Amino acid sequence: MKKTKLLLLFLLFLFIIPIYVNADMALPEIIPYKARVINKNGTESVSNPYEQKDSMLIPYDTLVEITFEENEYGMTNYNGKSCYIKLSDLRAVSEETEPVGEKVVSKKYYVWEEGAYLYKGPSKAYDKVDGNIQIKPGTTVTCKYSENHVGWGYVEYNGVKGWVYIYQCYKYTPYNEVSHLVDISEGNTKIYTLKDITLENSPTKREKTNIVVPAFTEVQYKYEYMYNPHKKYICIEYNGKEGWHEIEEIDNLSIAYNCKNKNISLIAVKDVPIYEKFNEENNNVIGTILAKEECDVIYASNYYYGDESWCYVHYNDISGWVNTKGEDYLISVRYNYDLINDNYFEYTTDRDFIIYDNVNGIETDVIIPKDTVLNKKYAYTDNNSSWWSYVFNDKYSGWIKGDFYKSSVENTSNENTLIENTNEINDENLAEEKENNIQRLFSIQNTLIICILVASIIAIISIFLIKKINSKENK
Amino acid sequence: MINLLPICMIICLTCTIIIEIVIAYILRMKNKKDFVNIILANCITNPLLVAISTYINVYYGLFARRISMIILEILAIIVEGYIYKKNLSFKKIKPYILSFILNFSSYFLGIIINHIIY
């Protein structure tokens, strides 16, 4: 009995050790993955994938567990120390992996430059698929990948399935580490050039072409590539030719974004001049948007569609530019419109609010009671940093002051979705993708349900056998 | 990978049974009927545990799976403990404690086996 107690205590102690796999759970996990060092001379690990210092030699054939990847290095824990190892010195232990039960997202990508290789797993530590298949430049592929696999997408190309490296958006990623795929799922929008633009052959090589897009021209913007959080390149089509252009800072703008499909509008807090030309406040004033009036935004110079930018508007048959950075700050509606559900976001008041006729304007007699559901159309911060919101529903409309609301619905759209969603995806391809996704999910679901059913049947049979064996014994 | 689930379930069950039989033998269990009861008890709990935890992993993610594993293991201990209480002739160790010992042995040794293999 003493031995049993000791054994019991020992097992309890073991229970507090963090564990990731056990005999009852056989399916290996995809992340993190295990790999062996294949470099016969061992591999020099570093403490930082961008600085070659604090190196430590890890011998050949060492088994490591990679928990994170960055800049062609995999992060692991060796001898109690966290370090990075070159993926080229590693080979993943599992032969291949495919997404299992992760969120399936269909996004289209365009392959450019040297093309992209297919790998057997979501890492360059995996082997390339048999035949070293490389997706040719100019090909469009559909990626179905998990949110867990940042930078890797699972695609099918010419009947072969595998993983491709999409991109990692890190500040220090050097040119030769970038991906070859460009997200075009939400592309195919139009832009308006604000000055002459000379296109480049690629976002990485940056060689000037002879394609010059004149100022004030509307062109098709086909793909975009985010080199790092501070740089973005777009692929423009002009006169049947394609070229790349880096989007510059707001003070040196070269393009404006088309807002037609995004239901962007402005409201004037004061009388606002409309200028004939972009970014030139001293040029000809061709009209005025009166205070409290709204108008549609056609182009916005800022990536955030109207916030602190120059906007090209249509107002009472006048088309021209207004400056939202100026004193007469105009408010973009972009953040308040849910493009996915095609409606303004709803909020519920947490107290009573007085309606004003304008920002810092006159109080009206109308009070919006607590727990009223409202749509928010505009937002404004005045010179005193007070927050104002233009709200409406079937019964009320007007400005209210202060942070007031708890959201009634989850904001399912994010900034990038709003910017990129232009609803110009091919309907047939989308239907086909949806069908493939449904079929795949159905087969996963089928397998799981069948396994649970079989396990249940085995359990029932076992229960009967136990009863039979033990009843015989009792007899 | 999901197509390997049935094979994985068989491997899991086999490994679990072997480990628990060995531990039971170490604990001086001798009656053959008791060993049969242990095998059948594991046939009741183990396949269901693996299948359900895989289902949770697929649809709810890794964290949910880990939480569910703890709950499912506790349920397995209770169920097997009940079976041992009703059917085992081995009385040296209380049935629920025996169930606890056997399940955690298979759990812990499973970690070691997985680390060795992978």
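**Entry 1: a bridge and its sheet**

I began with one residue pair: Ala35(A) has Ala92(A), in E8(A), as its bridge partner. The model I am reading is a predicted one. Next I looked up the strands around that pair. In general, strands of a sheet pair through backbone hydrogen bonds, in a parallel or an antiparallel way.

Then I asked which strands make up the sheet. I found an open sheet of 3 strands in chain A, in the order E4-E1-E8, with antiparallel pairing. E4 and E8 (90-92) of chain A stand at the edges. Each has a single partner strand, so one side of each is left without a neighbour in the sheet. I noted the twist too: from one strand to the next, it averages 40 degrees.

**Entry 2: two residues with positive phi**

I moved on to the loop between strand E3 (56-58) and strand E4 (63-66) of chain A, where Asp61(A) lies. Asp61(A) is not a glycine, yet its phi is positive, about 75 degrees. Is Asp61(A) buried or exposed? I counted 11 C-beta neighbours inside 10 Å, so Asp61(A) counts as exposed. The cut-off for exposed is 12 or fewer.

Asn316(A) sits in the loop between strand E27 (310-315) and strand E28 (318-323) of chain A. With 11 other C-beta atoms within 10 Å, Asn316(A) is exposed.

**Entry 3: the nonpolar cores**

How many residues does the largest nonpolar core have? I read 46. The residues with the most contacts inside this core include Ile236(A), Leu266(A), Cys311(A) and Trp321(A). E27(A) gives the most to the core, with 5 residues.

**Entry 4: a helix in chain B**

I turned to helix H1 of chain B, residues 5-26. From its first C-alpha to its last, this helix of 22 residues reaches 31 Å. That is close to the 32 Å expected at 1.5 Å a residue. I listed some buried residues of H1(B), including Leu5(B), Met9(B), Cys12(B), Leu13(B), Thr16(B), Glu20(B), Ile23(B) and Ala24(B). An α-helix has 3.6 residues a turn, so residues three or four places apart point the same way. Just after H1(B), Arg28(B) takes a positive phi of about 75 degrees.

**Entry 5: chain A as a whole**

I stepped back to chain A, which has 3 helices and 37 strands. Of its 475 residues, 32% are buried. I also checked contacts between residues at least 6 apart in sequence: 59% of these join residues at least 24 apart.

**Entry 6: confidence**

Last, I checked pLDDT. Chain A averages 70, and 57% of the residues score at least 70. Which elements of chain A have the lowest and the highest mean pLDDT? Helix H2 (residues 415-420) has the lowest, 25, and strand E18 (residues 208-213) the highest, 90. Over residues 16-30 of chain A the pLDDT is below 50, and this stretch has 39 contacts in the model beyond near neighbours in sequence. Residues 249-253 of chain A are also below 50, with 7 contacts beyond near neighbours in sequence.

Key. Residues numbered from 1 in each chain as written. Chains lettered and ligands numbered in written order. Predicted model: local features only at pLDDT ≥ 70, side-chain atom pairs only at ≥ 80, totals over all residues. Helix = DSSP H or I, 4+ residues; strand = E, 2+ residues; numbered from the N terminus. Buried ≥ 20, exposed ≤ 12 C-beta atoms within 10 Å, placed from the backbone. Contact = placed C-beta atoms within 7 Å. Expected span 1.5 Å × (residues − 1). pLDDT = per-residue confidence, 0-100. Core = buried A, V, L, I, M, F, W, Y, C linked by C-beta atoms within 7 Å. Pairing = 2+ DSSP bridges. Axes fitted to C-alpha atoms, helices over the stretch in contact; angles between N-to-C directions.
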